[in-house]
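Hi everyone, thanks for making time today. I'd like to walk you through one model, with the sequence and the 3D view on screen. Let's bring it up.

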Amino acid sequence: MAEHAHHHQPYPDDMWVFPRRETAAQDLVSRTIAPISRYRIALIITGVLLALGVVGFIARAATDGFDDHAPWGYYMAVFSFLFMITGAAPLVAVGFRFTKSHWRRPLSRISELFAVLGVLNVLMFIPLLMVLPPLKNPEVVGHQLEIRRSIWFGGPIGSPYWWDMLGVVGLAVLGMAILWLSAMPDLAGAKLTATGFRRKLYGLLAGRWYGSKRQWNIQKAGLAMLGAFYFMFLLFVQFIVASEFGMALVPGWKDSIFPPLYTIVSFQSSLATILLVLFILRKWGGYEQYIGVSPFWSASKILFALTMLWTYHLWAFFITFWYGRLQVEQNILKYFLFESYGWVFFVNVVFSFFTPFFILLWNPVRKKAWGAPLAACFILVGTLAFNIRIFVGAFNAGHTFDHFLETVPPPAWPDLWDIFMVGGFIGGAVFIYLLAARVFPILSVWEIKEGALYQKMENFMHGRYMVLAKPE
Amino acid sequence: MPKLPVLGLFQDANNAADAGDALRQAGISDKDYDFLTDAPYPEGAFGERVEHHRLYIFPFIGAVLGLTSGVLLTSMTQMAYPLVQGGKPILSLPPMAIICYEGTMLGAILFTILGIMFESRLPSPKLGLYDTRITDGYIGVLVQCDEAQLGRVSGILTQAGAVDVKRQAAAAATA
């Protein structure tokens with residue numbers, strides 16, 4: 001609880017919170033089974049949305065089949081939107097654990113829990129592989145390429161399909177391994193009081209966890225190693241998605257900036273989503289005593305930096321093509337930025353850069369708990385616009401085996417099934433996350449307790465400040 | 001003769017550290033007792049032994065195996081089906097690197113997960129001597145000793161300030 005009220009201080013009363021470690025485990029675990037009416041309503045709404053998404057998917061498959069990738073542009077856009085957020089989200093926990101940031105503790109599990117959505121990513125990825133054109137041109141017309149441009153050149157066996165699939169599956173497995181290892185101590189504690197199915201599940205997942213020194217050491221080393229691999233593998237899979245389903249489908253689009261830009265958008269949107277979930281839990285979830293203002297205050301600076309990086313990469317992409325002035329480069333700029341998807345690009349820039357930039361720049365807002373989550377809302381809309389203009393554009397950019405984009409294709413607007421799929425699968429992702437939050441404690445109990453061991457309030461001159469032990 | 005577990009429960013972490021000192025002075029090897037906690041305590045906070053593990057070896061082995069598989073797969077398929085692409089050599093490194101990287105990473109990841117399970121002796125459906133109060137912040141000092149030493153060890157733990165001392169029979173009921 002916040003315990004500093006009478007002294008002058010330059011930060012809000014609930015900047016830091018001091019959870020009681022004796023009751024934290026019981027309290028946080030019991031919340032996974034407590035009936036919450038808001039939760040049920042959210043579950044019903046997102047469940048209905050998921051059903052609509054499935055209807056849209058079936059209708060699209062029945063109408064257009066899987067022979068041509070063009071009708072699946074919006075499906076790809078929503079897949080990429082979800083993959084960007086859910087793929088990079090566990091990295092937030094990993095990264096701030098690496099840097100030993102104390103303020104990260106409330107958001108660690110929130111970010112790791114996104115790993116369960118790896119299952120949705122894998123399932124959604126399968127139809128995309130079915131519509132991905134083969135490397136070899138089945139029917140060469142005129143001056144078309146015999147083998148389309150891709151990162152795979154002529155081989156090896158299984159490319160691109162099996163290697164793409166292996167990447168997405170590998171990332172999902174790795175994310176869930178991080179979640180499992182991180183949640184193991186909490187589940188071991190929870191299984192002692194759980195009953196029925198939960199007890200069996202927790203027992204299976206927690207195994208023989210006692211909390212011995214050796215186990216804590218292995219967990220720490222394991223999380224560090226898996227975290228490092230997650231970072232290395234995430235960038236690889238993002239490179240595959242950005243190259244394979246973006247650039248490679250647009251005749252003549254060769255750009256070394258786009259995969260890094262994709263990664264930056266992913267980092268920005270995943271941090272934004274985590275802050276939004278954190279704010280919802282603090283404001284409406286009853287977690288005020290565990291979530292102070294400090295995570296928002298600290299993370300807002302990183303969100304600001306990512307917002308700036310987004311602009312830098314976008315500018316680097318633009319200026320290279322603008323200065324090059326080849327016909328293909330001009331057409332790509334017109335297609336993605338100024339003509340065909342000009343309005344979508346406008347929304348993208350306003351929501352991904354200008355609005356969050358000014359929100360996060362403005363100290364009176366940035367320092368509030370709602371400042372960064374407000375910017376996050378805009379960023380998520382901007383990210384969706386980014387994915388629509390890039391992937392709907394890429395899927396409708398003409399013949400994949402052409403040498404270059406000779407004309408500027410018109411935009412592809414969504415039909416009813418596209419709207420169902422975009423809204424439905426976003427709702428579906430929230431639905432799965434909500435279910436996962438009822439299995440795993442939404443806050444990392446052992447990290448909260450560890451933090452409580454190391455912090456207390458002390459007087460210093462005229463102020464009262466938090467004193468934090470840093471054993472490493 | 002198999003050793004039997006005794007679990008002392010401490011409300012105060014300082015008392016648990018004192019129990020560790022007392023056990024060592026009583027001639028109990030530091031390999032025979034362990035501290036069970038609900039959260040990771042700083043290294044050496046209880047005066048415990050330094051724990052060594054071999055987890056770092058696992059990803060290395062996995063990475064080597066994955067890289068080898070990647071190199072073999074890419075080189076052998078390209079040698080078996082020699083198609084010249086854009087005037088590049090049959091065995092050109094850039095396209096091979098992508099598969100090799102993916103193989104290396106997947107091998108390292110898989111072996112790390114296996115290593116964690118092996119080094120932590122996980123998973124196992126049965127829980128040994130434990131007490132739910134450890135989850136609430138109590139410190140458990142788990143001692144493995146001969147049957148003849150049970151009384152003496154229990155006495156040491158109680159003297160150090162244990163609020164409860166449990167033996168195997170009680171543990172079976174808890175589990």
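Let's start at M461(A), which sits in the loop between β1 (455–460) and β2 (463–468) of chain A; helices here are DSSP runs of H or I with at least four residues, strands are runs of E with at least two, and both are numbered from the N terminus. M461(A) is exposed, with a relative accessible area of 73%. On that scale, buried means under 20% relative accessible area, exposed means over 50%, and partly exposed is in between, using a 1.4 Å probe and protein chains only.

Before I go on, the ground rules. This is a predicted model, where local features need pLDDT of at least 70 and side-chain atom pairs count only at pLDDT 80 or more, while totals for chains, interfaces and linings use all residues. Residues are numbered from 1 along each chain as its sequence is written, chains are lettered from A and ligands numbered from 1 in the order in which they are written, and side-chain values use heavy atoms, leaving out hydrogens and water.

What is the phi of M461(A)? It is positive, about 55°, although M461(A) is not a glycine. Most residues other than glycine have a negative phi. K100(A) also has a positive phi, near 55°, and is not a glycine either. You'll find K100(A) in the loop between α3 and α4 (108–112) of chain A, and at 38% relative accessibility it counts as partly exposed.

Now for some buried residues. F79(A) is in helix α3 (residues 73–98) of chain A, and its relative accessibility of 0% makes it buried. Setting aside residues up to four places away in sequence, F79(A) touches N121(A), M124(A), F125(A), L128(A) and V241(A), where contact means heavy atoms within 4.5 Å. F79(A) and V422(A) are 343 residues apart in sequence, yet 8.5 Å apart in space, C-alpha to C-alpha. S300(A), in helix α10 (residues 294–324) of chain A, is buried too, at 0%. Beyond its neighbours within four places in sequence, S300(A) contacts L360(A), R366(A) and A372(A).

On to helix packing. The axes of α5 (residues 118–131) and α6 (residues 161–191) of chain A come within 9 Å and cross at roughly 175°. Axes are lines fitted to C-alpha atoms, for helices over the stretch in contact, with angles from 0 to 180 degrees between N-to-C directions. α5(A) and α6(A) are therefore roughly antiparallel: that label needs over 145 degrees, with under 35 for roughly parallel, 65 to 115 for roughly perpendicular, and oblique for the rest. Among the residues making this contact are N121(A) and F125(A) of α5(A) and M165(A) of α6(A).

In the other pair, α8 (residues 213–245) and α9 (residues 258–284) of chain A, the axes come within 9 Å and cross at roughly 120°. That makes α8(A) oblique to α9(A). The contact includes V241(A) of α8(A) and Y262(A) of α9(A).

Last, chain B. How many helices and strands does chain B have? It has 5 helices and 4 strands, in the order β-α-β-α-α-β-α-β-α along the sequence. Its C-alpha atoms fill a box of roughly 80 × 30 × 30 Å, taken along the principal axes. Buried residues make up 46% of the 175 residues in chain B.
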